[in-house]
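Visitor: I should like to learn how to read the features of a protein model. Would you take me through them in order?

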Amino acid sequence: MYATAALAGAYLALHTAGVPDTADIAVSAGLLFALRMAAVFRDLHLPRLRHLAD
């Protein structure tokens, strides 16, 4: 889910900046892949919600 949002955000930012479509997709996909691999190899996770005791 987060990967899709990141890919869409990167694509829209580059598209708005006037970068050609082919470069938009290539740069967005490369950035997404690099960030995902960094998260996997460094064991990075988003914070998890904790259930607060009543």
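Predicted model: local features only at pLDDT ≥ 70, side-chain atom pairs only at ≥ 80, totals over all residues.

Visitor: How many helices and strands does the protein have?

Guide: Helices (H or I, at least four residues) and strands (E, at least two) are DSSP runs, numbered from the N terminus. Here the protein has 2 helices and 0 strands. Its radius of gyration is 15 Å, well over the 10 Å from the globule rule for 54 residues, so the protein is more spread out than a compact globule. That radius is taken over C-alpha atoms, and the globule rule is 2.2 Å times the number of residues to the power 0.38. The C-alpha trace spans about 55 × 25 × 15 Å along its principal axes.

Visitor: What percentage of the residues count as buried?

Guide: Buried means under 20% relative accessible area and exposed over 50%, with partly exposed in between (1.4 Å probe, protein chains only). Of the 54 residues, 7% count as buried. The protein exposes about 4,900 Å², and carbon and sulfur atoms supply 69% of that area. Such areas come from the Shrake-Rupley method with a 1.4 Å probe; for residues, only the protein chains shown count as cover.

Visitor: How does one read the span of a helix, and what is the reach of H2?

Guide: The expected span is 1.5 Å times one less than the number of residues. H2 has 21 residues and reaches 30 Å from its first C-alpha to its last, close to the 30 Å expected. For H1, with 15 residues, the end C-alpha atoms are 21 Å apart, which agrees with the span it should have.

Visitor: Which residues of H2 are buried?

Guide: An α-helix has 3.6 residues a turn, so residues three or four places apart point the same way. In H2 the buried residues are Asp24, Ser28 and Ala39. Seen down the axis of H2, they fall within an arc of 15°, so they line one face of the helix. The arc is that of the directions from the helix axis to the C-beta atoms. The face turned away from this buried side carries the exposed residues Thr22, Ala26, Phe33 and Phe41. Helix H1 (2-16) is included in what covers the buried residues of H2.

Visitor: With which residues is Ser28 in contact, its neighbours within four places in sequence left aside?

Guide: Contact means heavy atoms within 4.5 Å. With those neighbours left aside, Ser28 is in contact with Leu7, Ala10, Tyr11 and Leu14. Ser28 is found in H2 (residues 21-41) and counts as buried, at 1% relative accessibility.

Visitor: What is the phi of Asp43?

Guide: Most residues other than glycine have a negative phi, and most peptide bonds are trans. In Asp43 phi is near 55°, a positive value in a residue other than glycine. Asp43 lies in the segment after H2 and is exposed, with a relative accessible area of 55%. H1, for its part, is followed by Gly18, whose phi is positive, near 95°.

Visitor: Where does Ala17 lie?

Guide: Ala17 is in the loop between H1 and H2, and this residue is exposed, with a relative accessible area of 62%.

Definitions and conventions. Residues numbered from 1 in each chain as written. Heavy atoms only, no water.
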